[in-house]
Amino acid sequence: ALGLAADCFAVSLCGSMVGRLKATQILRAAFSFGFFQAGMCLLGWLAGTNVIDLISGYDHWLAFGLLALVGGHMIWESLRAEEECRDVTRGWQLIILSFATSIDSLAVGLSFGVMQTNIAVAASIIGVTTLLVSVLGFNIGRKVGELIGRRAETIGGVVLILIGLKILLTDLF
């Protein structure tokens, strides 16, 4: 569960560096990350080997593309003169981030099906762990953002692209 939550922690860290988030925003994003992690695990368990074989050849490219898109957008926005920070805790940006960081949970769910694991318990542990780790990431990121100021959004975008690159390179090699 902690391994699956690591990408969500990094995204949460970056997402909160760009501005002061309210508790409701943090909980909304953390819930979304946890929900997607648990849901993708469950889908993997349900999908069986046929569906996973269809997407396993390019799932890493999909995760990389989505994270690079959001990261690139954050960098672009940081270079504009506007002072308002990008809110990664709502809308399509949150859904894309939640989906991109949970693709690996699909494969884990598939392996749980093969091992005859109690999927309700496993998915619940993954979801709750991801939620808690994400809340921690948002709170740490807030402190880091206060230290580095305006460049936080640029750094956050670069980190998202690097997470996507790590996913891509891990699956390619």
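This report describes the fold and the aromatic pairs of a predicted model.

**Overall architecture**

The chain contains seven helices and zero strands, and its pattern along the sequence reads α-α-α-α-α-α-α. Of its 173 residues, 44% count as buried.

**Aromatic pairs**

Two aromatic pairs are found in a search of the whole structure. The pair formed by F31 and F35 is stacked, whereas F35 and F36 form an edge-to-face pair. Their geometry is set out below.

| Pair | Arrangement | Centre to centre | Angle between planes |
|---|---|---|---|
| F31 and F35 | stacked | 6.0 Å | 20° |
| F35 and F36 | edge-to-face | 6.2 Å | 80° |

F31 and F35 both belong to helix α2, which covers residues 23-55. These two residues are four residues apart, about one turn of the helix. Through the ring pairs, F31, F35 and F36 are linked into a cluster.

**Exposure of the cluster**

F31 counts as exposed because its relative accessibility is 51%, and exposed means over 50%. F35 is likewise exposed, with a relative accessible area of 53%. F36 has a relative accessibility of 21% and therefore counts as partly exposed, since buried means under 20%.

Note on methods. Residues are numbered from 1 along each chain as its sequence is written. This is a predicted model: local features need pLDDT of at least 70, side-chain atom pairs count only at pLDDT 80 or more; totals for chains, interfaces and linings use all residues. Side-chain values use heavy atoms; hydrogens and water are left out. Buried means under 20% relative accessible area, exposed over 50%, partly exposed in between (1.4 Å probe, protein chains only). Rings of Phe, Tyr and Trp (its six-membered ring) pair if their centres lie within 6.5 Å; planes under 30 degrees apart count as stacked, over 60 as edge-to-face and the rest as tilted.
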